[in-house]
Amino acid sequence: MDRPETPVLDRVVYPSDLRRLTDAELATCADELRAEVISAVSETGGHLGSSLGVVELSVAIHAVFNTPYDKLVWDVGHQCYPHKILTGRRDRIRTLRQKGGLSGFTKRAESEYDPFGAAHSSTSISAALGFAMASDLGEATGDAIAVIGDGSISAGMAYEALNNAGDLGKRLFVVLNDNEMSIAPPVGAMSRYLTDLQSPLATLKDIADGMAQHLPEPIRQGAERARELVTGHQPSATLFEHLGFTYVGPIDGHDMGELLTTLRAAKARADGPILIHAVTVKGKGYSPAELSDDCYHGVAKFDVATGQQKKSAPNAPSYTGVFGKTLLRMAETDNRIVGVTAAMPGGTGIATMQKAMPRRVFDVGIAEQHAVTFSAGMAAGGLKPFCAIYSSFLQRGYDQVVHDVALQNLPVRFMIDRAGLVGADGPTHAGAFDIGYLAALPNMTVMACADEAELVHMLATAAAHDDGPVALRYPRGEGTGVDMPETGEVLPIGKGRILQEGSDIALLSLGAHLEEAKDAARALEARGLSVTIADARFAKPLDTELVDGLMANHNALITVEQGATLGFGGIVLHHLAATGQLNGRCAVRTMHLPDRFIDQASPADMYADAGLTADDIATQALDALGVTVGQFEEKSRA
């Protein structure tokens, strides 16, 4: 594939090179940078639309501020591809999201230009304020700049930071990247407020006091007239000004001249917190992205000329798709079922029900804490809320899960997508911890499906379970291709199943690693061992009868899960210790994710890194019997 010609961008290795360019050259550099981002992401896939929306912002901020001494903090970080190209990483940009390559988000270990790592939303203002205070207290750091989107600023944490920053009054720069689109279209009152601020009247009105004198004469006069005019017709201060910020904007986030003028004036004048409201277009400059419903938020490899994505045909339905279709089917016969999501209707699959029943599905925006307690309130009111949130995102609402749901024993159904390792998004999105953090809670029932058919049964079980909260975890991606049931069967709570019976080794799997357990069983059987395969189905309540039977009738018991240490295996060990069964007659091993974060790669490579392949399971089983693979083969030949 031909790469774009980028003569000006070729002169830029680090941001210091931008500061040698004229303003006209900076505008040209932005155009070339956009072409380079499109070219690179066409080869790697990734977050295209968000990155295209901040091309000019990236160039302007690095040209005006003295990064990396000045600390630039990107919220979420999924829009940082232009930033990475400008900060010494262009030669690796085509390794994005690949094994051993650049992260798709900001990452402290990757570059000094990434002073604060991110991948979840609404953290940037808090972190930037921390840098500002470090500078104020004498540390060797410069200005702090947070870039946050209009979707991310709807979350409560952002307002906690704005409130604190306004109270402290320290020099801080917040750039509000307002593209009216986070992943899904933004929702809520803040989105409407920001849209109102984009009116022609507000555009000039909100050039703040003290800033206008640094603008060109015609703009300064217009700003002063607009402020005088608006003061007589509506309150003169924005919400941000009431919070203690100097507010500037809205400005055109794709007009290099306007950006440079505003940022330079802000840097020269600001003596407290300032918010610069830049209006941008997600997917800017690439028509397939601009015209797409999600503005090409996340894409596979694609053809630059046509925008056609190169997605492989699925061999089986995805777990996410099965959830969405099954939930809609159940909702059609049970009008108490409602859906809740936190800005991820498509990603969680709940969009299927949303399209058919818009009054019964609630997208609350990037507000996981609110989503959980909102669901708790609906459950207390007699509804059956299915709260669909990624595993790693549910962590953000954990206090609400504990205090507002579990403590009150309310029947909220948590649908936990992206359980286990997720591939290119890396450790920030891995669903590693939910088994442990949910199973620790009184009243909580925790299920994990082994395949897409089991997902259907567990959804029916969750819908029927009114005695407390239920969590159902399932992975990203395709199912296993099993035959699908017409309707789900309500499973007995806390009961697993045995798929095949043997006498030497028992493999007890929880969740979607059952296929690897089956492959391991075949490898062990090829060596002459008799293997039982069991699917626990429930981490809590644990099927103690099943576990006790496996312990009594085998020489080794191996638990297998797609979760962190102290998860399902820990629950099994706790039961065995409490009942005095860890006496050495049956050897026990737990197989789980290691006590470290695993970098991005394909899911298969990540599980291999974690030591959770079928071969790893078989080797662990042989070790539990006190026989290494080599020793066993020698005995077999003898």
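Residues are numbered from 1 along each chain as its sequence is written. In this predicted model, local features need pLDDT of at least 70 and side-chain atom pairs count only at pLDDT 80 or more, while totals for chains, interfaces and linings use all residues; side-chain values use heavy atoms, with hydrogens and water left out.

**Exercise 1.** State the mean pLDDT of the protein.

*Solution.* The term pLDDT denotes the predictor's confidence in each residue, from 0 to 100. The mean for the protein is 89, and 89% of its residues reach 70 or more. Over residues 199–212, however, the pLDDT is below 50.

**Exercise 2.** Determine which parts of the chain are tied together by Asp-599 and Lys-107.

*Solution.* Step 1: these residues form a salt bridge (a side-chain nitrogen of Lys or Arg within 4 Å of a carboxyl oxygen of Asp or Glu), with the closest N and O atoms 3.1 Å apart. Step 2: Asp-599 lies in the loop between β17 (587–593) and α25 (603–609), and Lys-107 in the loop between α5 (81–89) and α6 (124–136), so the pair ties together parts 492 residues apart in sequence. Helices (H or I, at least four residues) and strands (E, at least two) are DSSP runs, numbered from the N terminus.

**Exercise 3.** Decide whether Glu-454 is buried or exposed.

*Solution.* Step 1: buried means under 20% relative accessible area, exposed over 50%, and partly exposed in between (1.4 Å probe, protein chains only). Step 2: the relative accessible area of Glu-454 is 4%, so Glu-454 is buried. Step 3: its salt-bridge partner is Arg-537, which is also buried, at 12%.

Terms used: Contact means heavy atoms within 4.5 Å.
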